[in-house]
Amino acid sequence: MIRRVLILMLAVTLPAGEALAQLTVQILRGMAESVPIAVVPLAWDGAGPAPWDVAATVQADLERSGRFRPLPRSQLIEQPHTAVDVDTADWRMLKVDYVLVGRLAPAAGGRYELRYELVSVASGERLLGTAVPVDARALKRASHRVSDAVYEKILGVRGAFATRIAYVAVDGPVTKRNFRLIVSDADGANEHVVFESPDPIMSPAWSPDGRSLAYVSFHSGLAAIYVQTLSTGTQVQVSARSGINGAPCFSPDGERLALALSRRDGNVDVYVLTLATQQLQRLTEDPAIDTEPAWAPDGRSIYFTSDRAGAPQVYSVGLEPGARARRVTFEGSYNARPRVSPDGRTLAVVTLDRGAYRIGSVDTQKGGLQVLTGGQLDESPSVAPNGADILYTSRVGGRDTLAIVSSDGRVQQKIAASSGELREPAWSPFLD
Amino acid sequence: MNGNRNATLAPVGWSIALHAALAGLLVFGLNLRSREPEAVILPIDAVVVDDALLQAAGQRRREDERAAAERQQRAAQELERRREQEQQERQAEEARRAEADARAAAERRQQAEVAAKEKAAADAKRKAEQAAEAKAAAEKKRLAQDARERDAREAELRTRLAEEEARAGAGFQSLKASYVRAIQAHVEQRWYEPPGVAQGLSCTIVVRQIPGGEVVGMKFGTCNGNAAVRQSIETAVRNASPLPPPPEPSLFEREVELVFTPKEARSR
């Protein structure tokens with residue numbers, strides 16, 4: 001009897017209880033491919049034509065990142081220049097989430113004042129409102145900084161548009177090759193030749209302050225490592241030991257260089273060279289080839305490639321004396337050329353994926369590998385200073401080109417840059 | 001046991017003693033009679049007797065005879081008495097024995113009766129027990145049967161309830177699930193997930209809608225995302241307005257809780 005009553009009670013209470021609960025919906029992933037944004041051409045308060053189209057540069061930056069979908073300029077139904085003039089209802093009709101407006105005005109001393117504001121269409125809120133003085137020759141750079149600010153405000157990650165990249169361009173017939181070490185803006189524009197030689201140039205690496213490049217050059221007839229200051233062009237030979245001098249990589253404090261040396265015994269191992277004193281510390285001592293060192297962000301350990309287990313895999317070794325190397329990559333038969341993300345949580349590597357060399361991302365804690373690219377011969381990964389993207393070379397049609405993949409693999413893009421084969425790109429640190 | 005035997009032997013002892021005494025008296029009596037002729041012979045020798053003497057002697061003789069007769073009488077009486085006593089004792093003994101026999105018999109009878117009664121009682125009890133057992137078993141069986149029937153009825157009721165609930169409910173539940181899925185897809189399509197936030201993000205936002213689906217308010221609950229994540233969610237929710245209508249009007253909820261918990265970074 002009691003049971004029957006209970007059953008009846010249950011039958012009565014269950015639907016009632018459900019009816020009182022609010023609806024709960026789990027959102028498991030963001031399906032939107034990119035953020036729709038309107039970049040309104042800036043008002044120019046001076047005479048004649050505007051000295052620089054800031055909005056065009058910002059629009060190109062955001063579009064190139066793959067994470068934004070700027071409204072084509074032709075579809076801008078109105079062109080406000082201040083936040084208060086942004087009619088969110090209108091922009092909502094155009095399915096735009098954010099509107100960037102601003103104006104450029106001449107300032108004293110041949111300089112300009114750049115004002116810009118970012119408005120959220122959803123909330124009507126003004127998210128950014130900045131006025132910066134800009135040097136006459138730095139308008140493009142200032143435009144990239146606007147892109148950086150917008151990127152960071154909306155995505156929560158500092159933009160890396162105002163950074164630079166270094167790479168080696170190779171052209172000419174096989175018998176008469178020309179090697180150029182080039183530095184350009186992150187978008188591939190504004191190329192600048194740092195060093196040029198008929199002999200191979202390899203492995204450019206940025207100093208942490210972004211003012212110097214270390215690289216390998218054979219121009220003296222044998223491999224040697226040089227550090228060159230970009231502003232002055234001063235080139236300093238830092239290692240020309242017998243045998244291999246290769247794969248330089250600056251420590252986070254910029255005072256040391258990790259490198260691969262074979263020295264007299266011909267056994268390639270990883271060393272650390274203190275630049276000021278030329279003091280050399282041997283980190284590995286293994287009959288196998290240990291090379292391609294990369295510093296962990298905390299400067300306390302170094303990742304490197306070793307074929308001690310038969311095929312190349314990534315290992316890590318601490319800098320303290322007597323530290324033993326520990327294997328880091330276990331997935332796949334080939335993982336090489338590690339580059340560490342700024343937070344130290346992932347390594348960008350070259351991995352052999354179903355017969356093709358591709359860029360992979362390795363979780364340094366869990367060891368899992370995610371293949372990010374789909375080319376046939378993708379090489380030389382370099383992580384952006386914000387960790388959001390990886391720059392690499394991709395062999396397309398028998399020619400090496402530069403490409404970028406987002407660190408989650410969602411966005412891939414090509415970089416239009418110099419002619420010839422483009423090798424071993426290196427993304428600069430943030431340049432403040 | 002010994003006491004009992006002594007008790008039974010005591011009367012026998014007395015009987016022997018009495019018989020011995022009786023035999024003694026008889027012998028003594030014979031002796032008395034054998035001495036009488038000697039006294040009779042004497043007067044013949046004494047011819048010269050005085051009258052008085054004769055009278056006295058006659059008196060003495062008569063007295064002696066009387067005494068003897070009395071003695072004889074007494075002995076006979078004693079004998080008779082003893083015989084009688086013996087007889088009485090024998091009778092008493094017989095009576096006692098008979099009584100004992102009777103008592104024993106009675107006892108045996110009684111015992112038999114008791115035994116019989118006990119047996120009857122035991123039989124009755126056993127029968128009663130068996131009957132009770134049988135009854136209990138029957139009752140149990142009946143109860144079990146009842147319980148089975150009740151369970152069956154309840155199960156049927158439950159099934160019917162469940163079916164009914166499923167019919168109303170399944171429709172209800174599946175409609176509700178499809179409503180939830182519709183909102184989920186609607187919001188997910190409008191959410192741009194900022195890079196690198198997927199790991200461990202958990203962000204709850206309660207959205208208020210009015211009939212027609214227009215979002216008229218939203219409020220963040222617990223959220224471990226940064227400003228950009230909140231921005232992305234707020235934008236997604238505003239862009240999701242109006243929310244899709246429920247497949248059945250009664251499913252409409254003014255408050256919808258959206259829980260943003262991306263599983264992991266999306267792979268290609």
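Reader: Why is A:Pro36 counted as buried?

Author: A:Pro36 has 20 C-beta neighbours inside 10 Å, and since a residue is called buried when 20 or more other C-beta atoms lie within that distance, A:Pro36 counts as buried. Like every value here, this one is computed from a predicted model.

Reader: Where does A:Pro36 lie, and which residues does A:Pro36 touch, leaving out those up to four places away in sequence?

Author: A:Pro36 belongs to strand S2 of chain A, and on that count it touches A:Arg69, A:Leu71, A:Lys95, A:Val96 and A:Asp97. A:Lys95 is 59 residues away from A:Pro36 in sequence, yet their C-alpha atoms are 7.1 Å apart in space.

Reader: What makes the span of helix H2 of chain A close to the one expected?

Author: Helix H2, residues 54–65 of chain A, holds twelve residues and reaches 17 Å from its first C-alpha to its last, whereas 16 Å would be expected at 1.5 Å a residue. The helix is followed by A:Gly66, which has a positive phi near 80°.

Reader: Which elements do the buried residues of H2(A) pack against?

Author: The buried residues, including A:Val54, A:Val58 and A:Leu62, pack against strands S2, S4, S5 and S6 and against helix H4 of chain A. One of them, A:Val58, is also in contact with A:Leu100, and A:Leu100 is named, with A:Tyr98 and A:Val99, as having the most contacts inside the largest nonpolar core, a set of 126 residues. Helix H4(A) gives this core its largest share, seven residues.

Reader: What makes S27(A) and S28(A) a pair?

Author: Two strands pair if at least two bridges are found between them, and S27(A) and S28(A) are joined by four, running in the antiparallel sense. Within this pairing, A:Glu379 stands opposite A:Thr393 of S28(A).

Reader: How many bridges join S1(A) to strand S3 of chain B, and in which sense do the strands run?

Author: Five bridges join S1(A) to S3(B), residues 255–260, and the two strands run parallel; A:Ile27 has B:Phe260 as its bridge partner. Across the two chains, 33 residues of chain A are in contact with 43 residues of chain B, and helix H1, strand S1 and H4 of chain A each supply at least two residues of the side of chain A that touches chain B.

Reader: What makes the phi angles of A:Gln278 and A:Arg337 worth a remark?

Author: Most residues other than glycine have a negative phi. A:Gln278, although not a glycine, has a positive phi of about 60°, and A:Arg337, also not a glycine, has one of about 55°.

Reader: Buried or exposed: how are A:Gln278 and A:Arg337 classed?

Author: A:Gln278, in the loop between strands S17 and S18 of chain A, has 9 other C-beta atoms within 10 Å and is therefore exposed, as the limit for that class is 12 or fewer. A:Arg337, in strand S23 of chain A, has 26 within the stated distance and is therefore buried.

Notes:
Residues numbered from 1 in each chain as written. Chains lettered and ligands numbered in written order. Predicted model: local features only at pLDDT ≥ 70, side-chain atom pairs only at ≥ 80, totals over all residues. Expected span 1.5 Å × (residues − 1). Contact = placed C-beta atoms within 7 Å. Core = buried A, V, L, I, M, F, W, Y, C linked by C-beta atoms within 7 Å.
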